[in-house]
Amino acid sequence: MKLIWKIIIAIVILGVLAFGAVSVWAFNKMAKIDELVLNENDNLTEKVEKTDKWLAKLQKDNKFNGAVLLIKNDNVLLKNTYGFTDYTRKEKLTNQSSFRLASVSKQFTGVGIMLLKEQGKLNFDDAITEYLPALPYGKVTVRNLLTHTSGIPDAYMGFPKKYKKEIGSALTTPMMVELLAKENLPLEHNPNDVHSYNNTGYVLLAAIIESVSGKSFEEFMQIELFDKLKMKNTRVWNLLSEEKTFPNKTWSFENILGEVEELKPGVLDGIAGDGGVFSSINDFIIWNQFWYDNELLSKTTMDEAFKKTILNDGTLISYGFGWSIFSEDAHGHNGSWLGAKTSFVRNSKLKNAIVVLDNSASMNVDAIVKQLVKVLK
């Protein structure tokens, strides 16, 4: 990215901190997208055609680079990609292109835990110290990690700075557990007192999967989930993976008004669980169907993923196992990491779903999702 744009963005961010609403308006104006205009008399085919052209224009205007899946009443309306696989902008995306999911990965990690529960190898209300005995958190349960109610400090992203020599080029999940035990940090609150979004908790879930299964998180998820569902372009990948790349992988970059810069993985990208899953919109058709019915999980176990969390004081929290819960039938999650901007929302009663995957650090993904809802009405 040219220096001038870095300076502009820095000024805007500083302005947000100093002046609030005025600079928020300026920042939003930079990121503003054109409205998707649909007419009342448009039939479904016309709506989809207009949407496809609208998304193509967003890509051309450097406001989006990625993939979109629209499902209405269990029928695929739109499945297409817009843009390129990496910062060179030479190779075009396809429906098989595999995008970094960032925090949308959490629902996959949740299913990994649910599979172990189904196999009789753990229970949601087990203490995490049964599987990670080095940790000083005997009152924290697996369920607390899944629902972000553990009280464990969300500390792991600070470890590379503090333990630079010990960590080296990549922080690993076992190393993260070891350092968390070494830190011996007190709980920030009693388990299940407070809901506080916690990436460290989901890395610990990956560590539990490794401890219980005797396999790496990557291997377990591949064998027990992705291969069984025939999700051909879905996998866990990070700096510890044997392959330096894999077929159909996309790479992250930043696109600020046409000024493009590659974004490379760093020391934190040896971690998985809170992120680390890659997938394609073709595979998201399979993943969306998984939540209606599958041969891997019982309905009782699956229902746990969409139960609101009840805190100790009786407060209901709209978060399940890697899912934000909008209503009884609607739920979703978004993600943001290393240029990946992602969103997956679905309505199980209407059998509608929206998937938006971007690898260009677009600030517009949530706004795009809101516009795409019009097509499903």
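Biologist: Where does Asp269 lie?

Modeller: Asp269 sits in the loop between strand E6 (259-262) and strand E7 (277-279). Helices (H or I, at least four residues) and strands (E, at least two) are DSSP runs, numbered from the N terminus. The model is predicted: local features need pLDDT of at least 70, side-chain atom pairs count only at pLDDT 80 or more, and totals for chains, interfaces and linings use all residues. Residues are numbered from 1 along each chain as its sequence is written, and side-chain values use heavy atoms, with hydrogens and water left out.

Biologist: Is Asp269 buried or exposed?

Modeller: Buried means under 20% relative accessible area, exposed over 50%, partly exposed in between (1.4 Å probe, protein chains only). Asp269 has 7% relative accessibility and counts as buried.

Biologist: Which side chain joins that of Asp269 in a polar contact?

Modeller: A polar contact is a pair of N or O atoms within 3.5 Å; within protein, one must be able to donate a hydrogen and the other to accept it, and residues adjacent in sequence count only if both atoms are side-chain atoms. The side chain of Asp269 makes one of 2.7 Å with the side chain of Trp337. A polar atom of the Asp269 side chain also lies 2.7 Å from the backbone nitrogen of Gly266. Contact means heavy atoms within 4.5 Å. Beyond four places in sequence, Asp269 is in contact with Arg100, Asn238, Leu239, Trp337 and Leu338.

Biologist: How does the length of helix H3 check out, and what span should its 17 residues have?

Modeller: The expected span is 1.5 Å times one less than the number of residues. For H3 (residues 44-60) that gives 24 Å, and the end C-alpha atoms are 24 Å apart, which agrees.

Biologist: Which residues of H3 are buried?

Modeller: Lys47, Val48, Thr51, Trp54, Leu55, Leu58 and Gln59. They cover an arc of only 140 degrees around the axis, which puts them on the same side of H3. The arc is that of the directions from the helix axis to the C-beta atoms. The face turned away from that buried side carries the exposed residues Thr45, Lys53 and Lys60.

Biologist: What covers the buried residues of H3?

Modeller: The cover includes strand E1 (66-72), strand E2 (75-82) and helix H13 (365-376). Gln371 is in helix H13. Gln371 is buried, at 17% relative accessible area. Leaving aside neighbours within four places in sequence, Gln371 is in contact with Ile33, Glu35, Leu36 and Trp54. The C-alpha atoms of Gln371 and Thr51 are separated by 9.3 Å, although the two residues are 320 residues apart along the chain.

Biologist: What caps the N-terminal end of H3?

Modeller: Asn43 does: a side-chain oxygen lies 3.1 Å from the backbone nitrogen of Thr45. Just after H3, Asn62 takes a positive phi of about 65 degrees.
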